[in-house]
Amino acid sequence: MKKLITIALVGIQLVFVGCQKKTSETENSDSLRGTITVSGAWALYPMVVKWAEEFQVLHPEVKIDVAAGGAGKGMADTLAGAVDIGMVSRDINPAETEKGACGFAVTKDAVVPTLNASNPLCGQVLAQGIKKQTLMDIWIHGKVKNWAEVVNAPGSHPISVYTRSDACGAAEVWAKYLGGKQEDLTGVGVYGDPGLAEAVKKDALGIGYNNVNFAYDAQTKKPIEPLCIVPIDLNDNGQIDPEENFYGSLEEILTAIREDRYPSPPARQLYLVTKGVPQGNLVREFLLWILTDGQQYVTETG
């Protein structure tokens, strides 16, 4: 078993991002038992919960505790030794690597802008889309403050702008797409993916952004009512062309992400992070399983 694990680790190290080298193996047991603790990004939370459930079926003596709280918390908890694995929905920066952060990509996700279906101009927004520059002028520059300006329509419908209050990958990658950093995003700060989605649901004139799993219903595969996904006018021609129209279902948006038709950012790799190369047999086997057999659950989980 020890020889097999060592060989497998050669493969897993190929996807590590900035890992510190550690070679000693502290455990060698054919029977997996114990507890794994995980915290971090909302974007990865549903996926890791699914992986945890399936891994525990295979190994009944293993317990995996998964808690969401944002990518910032996941990274901080991992570097502090408070958890075994952090969920991080953004790139790992050099300062974190120097502190021992060892990350590897496990799947891909995206952030999508959202509005309320009750918005009086919703139909026009869905037909015309919103240009990247307009999104920048809503969240970064504060120049566009009325929905009528977005679609060049008469009337006054003030935009209620929402953003994340917690340090998170979703806000960072959305800001990166708009040419800034999370602290550059304006709007009412709301904690967590569910909170931001709920804020837009309750505000007919609201605009927000969410990770895909919090914008689409896992059962129906449609946008979570009353949310509508705001299509991005990628070619800036003032309308959503057929090749830009991939927001109607979870399957459509995931295909667009996979085929790089939806831009990166706001699409991005999602990482699991440990402090240094994992030495314990239990954590290592869980990570190896995620990268191999566990990948079969990615599509169904979204």
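Reader: How many helices and strands are there in the protein chain?
Author: The protein chain has 12 helices and 10 strands, where helices (H or I, at least four residues) and strands (E, at least two) are DSSP runs numbered from the N terminus. This is a predicted model, in which local features need pLDDT of at least 70 and side-chain atom pairs count only at pLDDT 80 or more, while totals for chains, interfaces and linings use all residues. Residues are numbered from 1 along each chain as its sequence is written, and side-chain values use heavy atoms, with hydrogens and water left out.

Reader: What pLDDT does the chain average, and where does it stay under 50?
Author: The average pLDDT (the predictor's confidence in each residue, from 0 to 100) is 90 for the protein chain, and 90% of the residues score at least 70. It stays under 50 over residues 1–16, for which the model has 24 contacts beyond four places in sequence, a contact being heavy atoms within 4.5 Å. Residues 20–29 also have pLDDT under 50, and for them the model has 24 contacts beyond four places in sequence.

Reader: OK, and what share of the residues count as buried?
Author: Of the 302 residues of the protein chain, 53% count as buried, with buried meaning under 20% relative accessible area, exposed over 50% and partly exposed in between (1.4 Å probe, protein chains only). As for contacts between residues at least 6 apart in sequence, 75% of them join residues at least 24 apart.

Reader: Which residues touch the most other members of the largest nonpolar core?
Author: Those are Trp139, Trp174, Ile253 and Tyr262, in a core of 54 residues, and helix H8 gives the most to this core, with 6 residues. A nonpolar core here is a set of buried Ala, Val, Leu, Ile, Met, Phe, Trp, Tyr and Cys residues joined through side-chain atoms within 4.5 Å. There is also a second, separate core of 36 residues, which includes Leu32, Ile64, Leu282 and Phe286.

Reader: What is Ile253 in contact with?
Author: Leaving aside its neighbours within four places in sequence, Ile253 is in contact with Val112, Val212, Tyr216, Phe246, Tyr247 and Tyr262.

Reader: Changing topic: is Asp193 buried or exposed, and what does its side chain make a polar contact with?
Author: Asp193, which lies in helix H9 (residues 192–201), counts as buried at 0% relative accessibility. Its side chain makes a polar contact with the side chain of Asn210 at 2.7 Å, where a polar contact is a pair of N or O atoms within 3.5 Å; within protein, one must be able to donate a hydrogen and the other to accept it, and residues adjacent in sequence count only if both atoms are side-chain atoms.

Reader: What do the buried residues of H9 pack against?
Author: They pack against strand E5 (101–116), E6, strand E7 (188–190), E8 and strand E9 (227–229).

Reader: Last one: how many disulfides are there?
Author: The count comes to 0 disulfides, taking a disulfide as a pair of cysteine sulfur atoms within 2.5 Å. Cys122 is in no disulfide, and the nearest cysteine sulfur, that of Cys228, is 3.7 Å away.
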